[in-house]
Amino acid sequence: MPTSPSEPVEAPQSARYDLAVVGAGPAGLAAAVTAADLGLRCVLLDGGRDTGGQYYRHPAPGLGAARPDRLHHGWSVYTGLADRLAAHERAERVRFRGGHQVWALERTADGFAVHVTRGPEAADRTTVPARSVLLATGAYERQLPFPGWTLPGVVTAGGAQAMLKAGLVLPGRRIVVAGSGPLLLAAASSLVTAGAEVPAVVEATDYLGYARRPGVLAAVPAKLVEGAGHGGVLLRHGVRLRPRSAVVEAHGTERVTAVTVARLDAEWRPVPGTERRIDCDAVAVGHGLLPQIDLATELGAATRTAPDGAVGLRVDARLRTTVPGLWSAGETNGVGGADLAIVEGELAAHAVADRVPKPALLRRRTRLRKFAELMAAAHRPGPGWTGWLRPDTDVCRCEEVPVARIREAVDELGAGDPRTVKLLTRAGMGWCQGRMCGPAVACLAGPGEPGPDRRPLACPVPLSQLAAGPSGEG
Amino acid sequence: MRRTPAELVGAEPGPAHHIEFDGRPVPALPGQSIAAALWADGVLAWRTTRVGGRPRGVFCGIGACFDCLATVDGRPNQRTCLLPAEPGTTVTTQEGNGRADLAV
Amino acid sequence: MLKTQRPPLDVVVVGAGVVGAACAYYAARAGLTVAVVDRGPVAGGTTGAGEGNLLVSDKEPGPELDLALLSTRLWRELAERFGAAMEYEPKGGVVVSATAAGQDALRAFAAGQAAVGVTAEEVPAERLRDLEPHLAPGLAGGFHYPQDAQVQPALAAAHLLREARRMGAELITGETVTAVLRGPDGAVRGVRTDRRRLDAPAVVNAAGTWGGELARLAGAHLPVMPRRGFVLVTEPLPRIVRHKVYAADYVADVASGSAGLQTSAVVEGTPGGPVLIGASRERVGFDRTLSQEALRRLAAQAAALFPVLADVTVMRTYRGFRPYLPDHLPAIGEDPRVPGLHHACGHEGAGIGLAPATGLLISEQLTGKRPELDLAPFRADRFPADTGTDA
């Protein structure tokens, strides 16, 4: 049973928490403060130093930013959550543990052992015992390779935003934003507001997907306002939006100096003769987000495939995964944005505490989920994107595996699925464990929806820490 | 003159310090990551790949892609997008796996 | 159901792992018409989770060592054609001992092996680091086995299958064998998959961990059971380990019948860069749960052998299930109970190494030649009907 809200969580090292929340972005923050409101003894873990996750990433205190809100949509929502967290921390109802990267969840007789490596340098490990775990690990960007995408200056759209929001820096002065999905407009809007020139936003779809279901859009006017806000900023800065187009090559030797943009057909196949060159000194590229669910799939949690092909966790109306004691909120259940993540965090906290949430919260989740599915369907990568690859284009950045080697594995060595391609080519076997090349490798491996990736270690772990074995929370 | 990110958020950072990159000083603001300090100095690459010897730097910016690895204070394979730039931090361009000294 | 439109098959090989691939390769080379069928992809089972150990060093004199020595010769032949593509490395093995008593035991073991053709050179403590400069100090000594080698298992299977296909074999993946067809006399007539029928007078059971199930489809008892193993994979490193290196306990673990968790780290570099640290042994059925204790022991033992590894990062771990039979010998050859059913499974952790010998022996039997090794120790009917129920 939950303890009363007034009881401090300061506990002996062996004591379990009622709930460990993994990830301190919108979903995790909302879940942790709600769980504490409801009387659960809660620990909030995040690999980053501060709360906020990727969406609310913000400058470190040392940078003295007076107006961090200027880089954020809905900044006051974050400060509200952060204030509530601080109050709970002061009352010792929640512990926030930054720099805690969770690399495995282990089921134990009475809950979970949460295995953690600590600090950006993974200096030591700890093990956090908890009765229940709520996964709020968010998402990372889906990438599709193109010739030249490994050049310095080509960065992910989310990466450009992260570096800007946290470090107040830009990768260049003239930045082409390209790929697909709503993040592109947000990224372009941030970049121009922060002083960059954005010669083009290159979007592979034509956004017609949205128009087909106007009823769903009308139900979430806030999303329209947010989109219109980005659009207005881009208009004011004279940023050209190029729909149904893609960056098909980045040029340069030591760093990117230009890109070639081409029109795409409905299948995302580049249309010959439509190429045009745009000079730039940086490219920010991304094709939507992929749920980060390794910790759950390793425990056998069931998954579902969203309309854009991204694999997320299958949860019920109470945000329970199919693993007893494991809940999931936000992008891990299918990418849907910060508003949805917060709603799901609150709902999941209620479920863990065995409390009934307000019906309005449930209705809001349903509405936002529908919108998320619509967005996903609109931005599903078309199969023709492989038309811009060349035999020597590296697909796996870590192991430098080119397209030709993957095609050889498929055409001549009998690989027809991503795992076999990986075994035969090393694509996906490097430091990032296939997070960057996974979608491309799956596409090149042949038809069929790949299942979830399996990563028993959710992040690299120093061998000495594995050798040391589990230890209590320090 | 266009606006800078620091102007946008009204930043009044603490006093700048320096890190060392390949033997030369690079300014850094308190709270910046190593990668951010290098970007601010116009540096985009601080690693060469194992197979092709190609230059790499930040790609994902959130610690997921491991492209921004460098040798930091003598330790190879450090993610510079996550590591804070502390005064005196020494960053060296990492060649390949960064552990050639261990080869036998 | 797809219609069969091909020259009549001589043999259906069930399983596209390295053993099935070797069976298909040698059968095709002998002029037989072959189809390989697997419910998953190429190298989708134990092969894809193996380290690629081609070892004679861990085997005591007996039928398995005979197989291993034959395989050693065959791997060398294969390497002349496919060596680089399969990442074949004749790197040799080094078995080390922490104590003088352990070294004495190794010496006795090596003397027995020498009598049947294994080359083993004693390495005194002070010379160990000439062979392996990063080895921990304080070891009592070791033995160098130049015949031990390494191959990348999935590549080996894929290239053997590619070559078999060039010689006319057909590869069918993603189809499950649902029945083994038998005539009124009980002899095998082919298999049925979930999509087609494959008629052939011979079926090779190279189904690895599922070999017992396939045997059951043919009405034969073969108690193949899974023995779980984990392997740790480090970050890419320069060559810091030259040989396959393991401690003397490994031999005892391999031979052990214990169900409990056993670990004795085998440490080896790879052409791709990472060092592989394998492998634990546990009898837990097909339970895929990550074992923190297995990871801990593998990591600790690897660091004890090579202290330099304590400073590196483990990028991933993977698990696999070794197919084993109660006496730890594989089943190879025609089943006396079911004419036309040839077994090639149950190799436990040695399947990669023993694959070519298995494939060659099966092809010899299929073509009516006298196999180069006596197959009696590998007969599938050597187990009473009530064995193998613990998985």
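Leaving aside neighbours within four places in sequence, which residues is A:Thr150 in contact with? They are A:Asp394, A:Arg397, B:Pro55 and B:Arg56, where contact means heavy atoms within 4.5 Å.

A quick note on the ground rules: this is a predicted model, in which local features need pLDDT of at least 70 and side-chain atom pairs count only at pLDDT 80 or more, while totals for chains, interfaces and linings use all residues. Residues are numbered from 1 along each chain as its sequence is written, chains are lettered from A in the order in which they are written, and side-chain values use heavy atoms, with hydrogens and water left out.

A:Thr150 sits in the loop between strand 7 (139-141) and strand 8 (154-156) of chain A; strands are DSSP runs of E with at least two residues, numbered from the N terminus. With a relative accessible area of 18%, A:Thr150 is buried (under 20%, 1.4 Å probe, protein chains only).

Now to the interface of the two chains.

| Chain | Residues in the contact |
|---|---|
| Chain A | 54 residues |
| Chain B | 48 residues |

Together the chains bury about 4200 Å², 60% of it on carbon and sulfur atoms; buried area is the accessible area (1.4 Å probe) that two parts lose on being put together, summed over both. B:Val9, B:Trp39 and B:Phe59 supply 18% of the area that chain B buries against chain A, more than any other three residues.

There are two salt bridges between chain B and chain A (a side-chain nitrogen of Lys or Arg within 4 Å of a carboxyl oxygen of Asp or Glu). A salt bridge joins the side chains of B:Arg50 and A:Glu399, at 2.9 Å from N to O.

Definitions and conventions: Helices (H or I, at least four residues) and strands (E, at least two) are DSSP runs, numbered from the N terminus. Buried means under 20% relative accessible area, exposed over 50%, partly exposed in between (1.4 Å probe, protein chains only).
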